[in-house]
Amino acid sequence: MDNSQILIIENIKSDVKSFLSDDFSGHDYLHVCRVYNYASHLQSVYGGDLFVISLSCLLHDVDDKKISPDTFNDKKNALNIMNKYSIDSDIIKSVIKIIESISFSEGINVETLEAKIVQDADRIDAIGAIGIARCFSYAGFKHNAIYSTEDFCYSDLFKTDSALCHFFKKLLIVKDTINTEIARDEAVRRTRFLKTYLIQLFDELELNKYGIDITELLDLK
Ligand code: ADP
Ligand code: NI
């Protein structure tokens, strides 16, 4: 990045920090910083346009459906922030395209190296110890339960809105959606920790009483 781009990134960091200062849904500024740092690490190995990657990381959650549903479609918050710094329109287009394509729930295939790196960095932050913290924090924010006894109904396992169900709907399968080898290795390591955590949790909750085979459930064979 040249000096003017470095300056823009520093300015946008402080814009995003104030924008997300009252977020308690797991999309806080420190999440953005972790994504930015991990993506910078991946870029140092795989290449890609560092300015585009940095902008995409910093702005990837300012129009998230969960925190700003009104601007989710037009990405107005990201556009307003970028337009303040007269960023080239082609760069703005690439950044918006990346932000639109990386969400887990949207399930869109990412094409460019830059998008792959940003997506991997965002997904890595959803798993491991920090991913567990964010999952329970998000459930609290949404007034969802930690777990429900309905989750253990054998014919319909883990289908409620509880935090525990989110492990099965997303966290345990994130590792299969990672693009780069370095992030994939990290995802495997973090998924191992998710499983260690669940084994302990299920032991404390005495899930064996419900006839649940944890070995099969966590694919530990
Ligand atoms: P990101 O924008 O970082 O990709 P999401 O917007 O999907 O992630 O969610 C933010 C955080 O909240 C993530 O750590 C995610 O796993 C967690 N989360 C999302 N949906 C739920 C849910 N229904 N229950 C518990 N945690 C959730
Ligand atoms: Ni994110």
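Modeller: In this predicted model, an oxygen atom of ligand 1 is 2.8 Å from an N or O atom in the side chain of aspartate 122.

Biologist: How do you know which residues are the protein donors of the nickel ion, ligand 2?

Modeller: A donor is an N, O or S atom within 2.8 Å of this metal, and His31 (NE2), His60 (NE2), Asp61 (OD) and Asp122 (OD) lie 2.1 to 2.4 Å from the nickel ion, so they count as its protein donors. Their spacing in sequence is H-x28-H-D-x60-D. Histidine 31 in helix 2 (residues 29–46) and aspartate 122 in helix 6 (residues 113–124) are 91 residues apart, and the pair links distant parts of the chain. Both histidine 31 and aspartate 122 are buried.

Biologist: Why is lysine 75 called buried?

Modeller: Buried means under 20% relative accessible area, and lysine 75 has 4% relative accessibility, so the word applies. Lysine 75 is found in the loop between helix 3 (50–59) and helix 4 (76–83), and has a positive phi of about 55° although it is not a glycine. Most residues other than glycine have a negative phi.

Biologist: Is histidine 143 buried or exposed, and how do you know?

Modeller: Its relative accessible area is 72%, and exposed means over 50%, so histidine 143 is exposed. Histidine 143 lies in the loop between helix 7 (128–141) and helix 8 (163–169), and its phi is near 60°, a positive value in a residue other than glycine.

Biologist: Why is leucine 113 called partly exposed?

Modeller: Leucine 113, in helix 6, has a relative accessible area of 32%, which lies between the limits of 20% and 50%, so it is called partly exposed. With Val45 and Tyr46, Leu113 forms a nonpolar patch on the surface, and together they have about 230 Å² of accessible area.

Notes
Residues numbered from 1 in each chain as written. Chains lettered and ligands numbered in written order. Predicted model: local features only at pLDDT ≥ 70, side-chain atom pairs only at ≥ 80, totals over all residues. Heavy atoms only, no water. Donors = N, O, S within 2.8 Å, 3.2 Å for Na, K, Ca; no water. Helix = DSSP H or I, 4+ residues; strand = E, 2+ residues; numbered from the N terminus. Buried < 20%, exposed > 50% of the residue type's maximum accessible area, 1.4 Å probe, protein only. Patch = residues over 30% accessible without salt bridge, like charges linked within 9 Å, V, L, I, M, F, W, Y side chains within 5 Å. Areas by Shrake-Rupley, 256 points an atom, 1.4 Å probe, with all protein chains shown as cover. Salt bridge = Lys/Arg side-chain N within 4 Å of Asp/Glu carboxyl O. Polar contact = N/O pair within 3.5 Å; in protein donor to acceptor, adjacent residues only side chain to side chain.
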